[in-house]
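Subject: Structure handover

Hello,

Here is the structure I promised you. Please open it alongside this note; my findings follow below.

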Amino acid sequence: MTSDTARRAAEFVAFARAHSPLMRARLGPGEAVPLHEVPPLTKRELIEDQMLHPPLGTNLTRPPHLYVRVHQTSGTTGPPLKVPETAADWRWWGRGLARCFRAAGIGPGDRVALAFSFGPHVQFWAAVEGLRSVGAMALPLGGMTSLQRLQMIAALEATALMSTPSYALRLADVARREGLEAALATVRVVLCTGEPGGSLPTVRARIAETYGAACLDHAGLTEVGPFGLPCSHGGLHVDEDAFACEIVTEDLQPVAEGEQGELVLTPLERLGFPVPRYRTGDIVVATSETCPAGHRGRWLPGGIVGRADDMVVIRGMNVYPSAIEEAVRQVSPTGAFRITFYTEAGLDQIKLEVELGDAVALRRLQEAMRARLGLRVRVVPVAPGALPGSDGKARLVVDERVRGEGR
Ligand SMILES: [Zn+2]
């Protein structure tokens, strides 16, 4: 952390303690607290605070009427968290997304298709705000079928697409089936978000090839803001102008070079709902390498490699669903799949149901799984359309393990 970041972090912590009842309760009275002495904050703490003090909890630094928006986390691993934004914080989100779009080479004259649902999650709205900031045109494609989206992309000659990586591949599939490949010909950048795929080399290569476009990654979280800027050499840069960044082990020590750890972020300028040292749950690899282009901000060449809350321990091995996805995508670039963790005869097992072309693909996938995970995975080919499809996160993970067994 630079001395400038340390100074800004200390001011941020002092502000949070002075104005947020939750932060005052966590940090107590007394001397100034440097950032590294602030106990890392978890989503669970914020959710518990909201359950005790509904609807928004006590982590507010302004009177309630000064909050102009509220978004909600997806709640896949518990009740959703509501995160309110002041007008100033919402402008901050817009500036963060604007840095992301500029890093992706998107600006005035671009027409950007936003293929997300238009709901309580922040992603869609923040993207609209960011495009307004850089002077590009937003094509809001919420609440549309894939076919309707393709028609809109074709009619407006969209120059960029922002979506989850799995949806980008699915949309290209629909275009092929419907004879609308030409609809995607004007797209020169696919900006991925919402899933790790945008930094997985096989997924990235497949999207770049399918679209004849650059494939870039972006990451953000409702709780902390848009922190990951796309890198043309792959992966992400942490936006260190706006965030203090740490990568830590399970017991919150700094990780060694080349090791995996959890990303802990402090958004230094977002004051309405302060989250000093927020444990994002995003797993990244720590490297001191700089990217070949010399971009600003700490480089994460592999992007987000998994979620701490996704990680499953199977027979003593740490298994991330994104590692399984990477192996699947080597063999089945667009097929839907479902991962089930279950217990059989007292041992934890992995079942992978996947849309596959043929028996050769099945054998290649079994080999890829064994090489990547070091574990045997039961692969079950399924017919196209047999698994529930999705506009958003196509990867499905089901955990049916019997508690207390198979560890
Ligand atoms: Zn870079």
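Start with a salt bridge, Glu85 to Arg270, where the closest N and O atoms are 2.6 Å apart. This pair links distant parts of the chain: Glu85 sits in strand 2 (residues 82–86), while Arg270 is in the loop between strand 12 (260–267) and strand 13 (278–285), 185 residues apart. Glu85 and Arg270 are both buried.

Before going on, note that this is a predicted model, in which local features need pLDDT of at least 70 and side-chain atom pairs count only at pLDDT 80 or more, while totals for chains, interfaces and linings use all residues. Residues are numbered from 1 along each chain as its sequence is written, and side-chain values use heavy atoms, with hydrogens and water left out.

Now the terms used so far. A salt bridge is a side-chain nitrogen of Lys or Arg within 4 Å of a carboxyl oxygen of Asp or Glu. Buried means under 20% relative accessible area, exposed means over 50%, and partly exposed lies in between (1.4 Å probe, protein chains only). Helices (H or I, at least four residues) and strands (E, at least two) are DSSP runs, numbered from the N terminus.

The structure holds 17 salt bridges. Glu246 pairs with Arg277, and their closest N and O atoms are 2.6 Å apart. Glu246 is in strand 11 (residues 243–248), and Arg277 is in the loop between strand 12 and strand 13, 31 residues apart. Both residues of this pair, Glu246 and Arg277, are buried.

Arg401 forms a salt bridge with Asp399, at 2.7 Å between the closest N and O atoms. Asp399 is partly exposed, at 44%.

There is also a network of salt bridges, which links Asp4, Arg7 and Glu11.

**Helices**

Helix 7 (residues 165–177) packs with helix 8 (residues 201–211) at an angle of about 35°, and their axes are 10 Å apart. Axes are lines fitted to C-alpha atoms, for helices over the stretch in contact, and angles run from 0 to 180 degrees between N-to-C directions. On the helix 7 side, Pro165, Ala168, Leu169, Leu171, Ala172 and Arg176 take part; they meet Val203, Arg206, Ile207, Thr210 and Tyr211 in helix 8. Contact here means heavy atoms within 4.5 Å.

Helix 9 (residues 321–331) is mostly covered, with ten of its eleven residues buried. Among them are Pro321, Ile324, Glu325, Arg329 and Val331.

**Two residues to look at**

Thr287 lies in the loop between strand 13 and strand 14 (299–300). It is buried, at 9% relative accessible area. Its side chain makes a polar contact with the side chain of Glu257 (3.5 Å). A polar contact is a pair of N or O atoms within 3.5 Å; within protein, one must be able to donate a hydrogen and the other to accept it, and residues adjacent in sequence count only if both atoms are side-chain atoms. Leaving aside neighbours within four places in sequence, Thr287 is in contact with Glu257, Arg298, Trp299 and Pro301.

Cys100 is in helix 4 (residues 87–103). Cys100 is buried, with a relative accessible area of 0%. Not counting residues up to four places away in sequence, Cys100 touches Leu191, His218, Leu229 and Pro230.

Best wishes
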